[in-house]
Amino acid sequence: LGGLDENLAVIDGFYDGLVDASKQPRFNRQKPAPLPTDLLLVNLLVPAVGKALRSQDQIEIDRAALRLLIALERYRGEKGAYPAALAELEPCFLEKWGGAVPVDPWSGKPFCYKRVDASKDEQKRSFILYTTGDDGVDNGGVSGQHPWEGLNVGGLDYIINDPKR
């Protein structure tokens with residue numbers, strides 16, 4: 001079990017590492033090493049504290065994706081169709097946000113995008129906007145059964161414009 005001071009010292013060290021990691025872009029972070037401890041309090045609290053970093057990443061994805069969705073709709077409103085590539089949004093449709101396509105926090109590359117035939121898409125979308133998900137690999141917009149799986153499962157992407165989300 002350990003004493004309170006011993007548990008707090010280990011938790012404080014983990015928390016300090018988490019704060020340092022949160023200052024790094026997701027794609028530059030190393031996965032935290034498991035804490036080699038048998039302290040009961042640490043083993044109960046650390047997983048919950050570690051989820052805060054994942055929440056921060058999710059907020060970052062959602063904010064950047066919202067900017068892109070707005071820019072895509074502005075482009076469609078002006079040009080009559082969605083662009084063939086996200087680069088066509090630069091710089092004028094993304095001018096409020098630095099003029100460039102946002103970076104996917106998982107891969108460090110621009111967000112992924114592909115046009116699709118709405119008549120053949122189950123959800124009648126004209127495009128799929130997505131990030132690479134936890135593995136940092138572009139799997140071509142492949143998602144799992146559950147919309148959030150791409151954030152936790154390798155080989156899947158995280159689809160932004162998934163109506164199930």
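These exercises work through a predicted model of one protein chain.

**Exercise 1. State which elements the chain contains and in what order they come.**

Solution. Start with the count: there are two helices and three strands. Then read along the sequence, where the pattern is α-α-β-β-β. Finally, look at the confidence. The mean pLDDT of the chain is 84, and 89% of the residues score at least 70. Among the elements, H1 has the lowest mean, 80, and strand E1 (residues 112–115) the highest, 95.

**Exercise 2. Compare the span of helix H1 with the expected span, and find where its buried residues lie.**

Solution. Step one: H1 covers residues 4–22, which is 19 residues. Step two: from the first C-alpha to the last, H1 reaches 26 Å, close to the 27 Å expected at 1.5 Å a residue. Step three: list the buried residues of H1, which are Asn7, Ile11, Phe14, Leu18 and Ala21. Step four: seen down the axis of H1, these residues fall within an arc of 75 degrees, so they line one face of the helix. The general rule behind such a pattern is that an α-helix has 3.6 residues a turn, so residues three or four places apart point the same way.

**Exercise 3. Describe the nonpolar patch on the surface and the elements that contribute to it.**

Solution. The members are Leu4, Leu8, Leu40, Leu41, Leu44 and Leu45, with about 540 Å² of accessible area together. H1 and helix H2 (40–79) are the elements that give two or more residues to the patch. The largest share, four residues, comes from H2. Take Leu40, which lies in H2. Its relative accessibility is 46%.

**Exercise 4. Find the salt bridges and say whether the residues in them are buried or partly exposed.**

Solution. The count is three salt bridges.

- Arg76 and Glu73 meet at 2.8 Å, N to O. They are three residues apart in H2, so about one helical turn separates them. Arg76 is partly exposed at 37% relative accessible area, and Glu73 is partly exposed at 32%.
- Arg74 and Glu95 meet at 3.4 Å, N to O. This pair links distant parts of the chain, with Arg74 in H2 and Glu95 in the loop between H2 and E1, 21 residues apart. Arg74 is partly exposed at 32%, and Glu95 is partly exposed at 41%.
- Arg125 and Asp121 meet at 3.1 Å, N to O. Both residues are buried.

Technical notes:
Residues are numbered from 1 along each chain as its sequence is written. This is a predicted model: local features need pLDDT of at least 70, side-chain atom pairs count only at pLDDT 80 or more; totals for chains, interfaces and linings use all residues. Side-chain values use heavy atoms; hydrogens and water are left out. The expected span of a helix is 1.5 Å times one less than its number of residues. Buried means under 20% relative accessible area, exposed over 50%, partly exposed in between (1.4 Å probe, protein chains only). The arc is that of the directions from the helix axis to the C-beta atoms. Patches are made of residues with over 30% relative accessible area and no salt bridge: like charges are joined within 9 Å, nonpolar side chains (Val, Leu, Ile, Met, Phe, Trp, Tyr) within 5 Å. Accessible areas come from the Shrake-Rupley method with a 1.4 Å probe; for residues, only the protein chains shown count as cover. A salt bridge is a side-chain nitrogen of Lys or Arg within 4 Å of a carboxyl oxygen of Asp or Glu. pLDDT is the predictor's confidence in each residue, from 0 to 100.
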